[in-house]
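Dear colleague,

I am passing on the structure we spoke about, with the sequence alongside. Please have both open while you read the notes that follow.

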Amino acid sequence: MDGKDRKKVLFIDRDGVIVRECQVDTYERIEYIPHVFEALREISKRSDYLLVMVSNQDGVGSQAFTYEGFAGPAERIFTTLQGEGIVFDEINIDLSLPEDGLPTRKPGTGMIDGYRSDLYDMQHSFMIGDRLTDMMLAESMGCRGFLLNGDEMDMPENLASVIALKTGSWLDIASYLLDDGSLSHRKASVERNTKETQIAISLDIDGTGEGRITTGIGFLDHMLDQVVRHSRFDADGHVDGDLIVDEHHSAEDVAITLGETVQKALGDKRGIERYGYEIVMMDDVVATVAIDFSGRAELMWDAEFSMEYIGEFPSELVKHFFRSFSSAALCNLYISATKGGNSHHTAEAIFKAFARAMRKAVRRIPGDTRVASTKGVL
C-alpha cells in the first residue's frame, strides 16, 4: 500500500494514562488524568490517528478483582470519553497475571500484532504509556512512544531513541502531535527585586493547584494558598520582604509580581474565555468577584471589614492587594462582599471567589484560537 494511504495509530494505555493508576473496581475510583479530555478531543478532531486501547488489568475475575467490579467502571470510562468526542477504534484489554507469562502482557505484543501489516504506518505511530514496559512495547512494534510520567526515572540507553517525549502532561503530547504550541502549558516566571522586597514567582496556569507562594506573613500565605488551590494554578514563589517595617511592601509587591506572572503566562490571550465570574459563600459572608482580562486595569470595590486587623494583617491591605494585581495583570476586577461579617471570612471568601473567577476567565475554548475582542487584541 502507498505510504500516504497507510493508517497511523496511537496505542494508548488506560491506567496511569486515561485514569489514575489503581485497581478501578468501583465508580468512585475513576479519576481522570488532568487534560486527557482536552488533549484527546483535539487529537481526534484534528488528526487522522486511529485510537487503540492497550491495557493490562491484572487478575480480573479473581475474588480480589471481580469481573463485575471491573466491567461497570470500564464501561463508564469509555462512555464518558465518547461523550467528549473521543472514540477508540479498538479496545484491547488483557486480564492475565504476570506469572501467567502470556504474550498479551506488555511489553509483549500479542494484543496488537494485527497492526504489523502494510495497512498501518508504524514508523509514524506512537505508544502512549506511563511505564517503561509501554516504551518497550513501542520498540517491539517499530513505533515511538510518549512516556506520560513526570517522575524522575532511569532511562535504559536502548529506549532513548524510542521515547519521542517524556512529560507529565497530556497537553504536551497534543502539542507535539498537532504541532501546535498553543496547546501546551501556559507557564511563566517573574522576578521582582527592589530595596524593599525580593520576589520570585513561577506559575503554570494549566496546572492542578499544587505548590505555594510564601511571604513570611501568615495570613497572606493562607490567602495565597486559597488562590493556588481554587485557581488550580501550579505555583512556586517566595517573598523576602522588609517585614521589620510592616506588611505593606510585601503584600503590594507580591500582588504586582503575581499579576505580571499571570499576564505573561496568558501571552496574546488567544482562545481564552477572557471573562470570569464567581460567588462564594463562607458562613456569614457572600463574596462576588468578576474579572475581565481586558488589557486595562480597573478595580471596583464594594467590601468592608469589621476589624482593623485580621490576626496581625492590616485588613486595608486586602483591597490594596487586588488593586496592585489589577494594575499588573491589566485586568478589570469587580469585588463585593456582604457587610458586617467576620473579617477573616470576608477576606477568605473574596480570595476564593477571585481564584475561581480567574480560573474560568483563563479557560481555553476548545478549537478556538481567536482573541475574545472585536479589536483583535487584548
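The accessible surface of the protein amounts to about 17,600 Å², and 48% of this belongs to carbon and sulfur atoms. Please keep in mind that this is a predicted model. Of the 378 residues, 51% count as buried, and the C-alpha atoms fill a box of roughly 70 × 50 × 40 Å along the principal axes. As for charge, there are 40 positive and 63 negative side chains, with the centres of the two sets lying 6 Å apart.

The protein has eight helices and 16 strands, and among contacts between residues at least 6 apart in sequence, 70% join residues at least 24 apart.

One part that I looked at in detail is an open sheet of four strands, which has the order 11-12-16-13 and mixed pairing. Strand 11 (275-282) and strand 13 (298-302) stand at its edges, each with a single partner strand, so one side of each is left without a neighbour in the sheet. From one strand to the next, the twist averages 10°.

Within this sheet, strand 12 (residues 285-292) pairs with strand 16 (residues 332-337) in the antiparallel sense over six bridges, and valine 289 has isoleucine 335 in strand 16 as its bridge partner. Helix 7 (residues 316-329) packs on the sheet, where it touches strand 12, strand 13 and strand 16, and its direction makes about 160° with that of strand 13. Helix 8 (residues 343-362) also packs on the sheet, touching strand 11, strand 12, strand 13 and strand 16, and the direction of helix 8 makes about 150° with that of strand 11.

Definitions and conventions
Residues are numbered from 1 along each chain as its sequence is written. This is a predicted model: local features need pLDDT of at least 70, side-chain atom pairs count only at pLDDT 80 or more; totals for chains, interfaces and linings use all residues. Side-chain values use heavy atoms; hydrogens and water are left out. Helices (H or I, at least four residues) and strands (E, at least two) are DSSP runs, numbered from the N terminus. Buried means under 20% relative accessible area, exposed over 50%, partly exposed in between (1.4 Å probe, protein chains only). Contact means heavy atoms within 4.5 Å. Accessible areas come from the Shrake-Rupley method with a 1.4 Å probe; for residues, only the protein chains shown count as cover. Lys and Arg count as positive and Asp and Glu as negative; His and the chain ends are not counted. The place of a charge is taken as NZ of Lys, CZ of Arg, CG of Asp or CD of Glu. Two strands pair if DSSP finds at least two bridges between them. Axes are lines fitted to C-alpha atoms, for helices over the stretch in contact, and angles run from 0 to 180 degrees between N-to-C directions.
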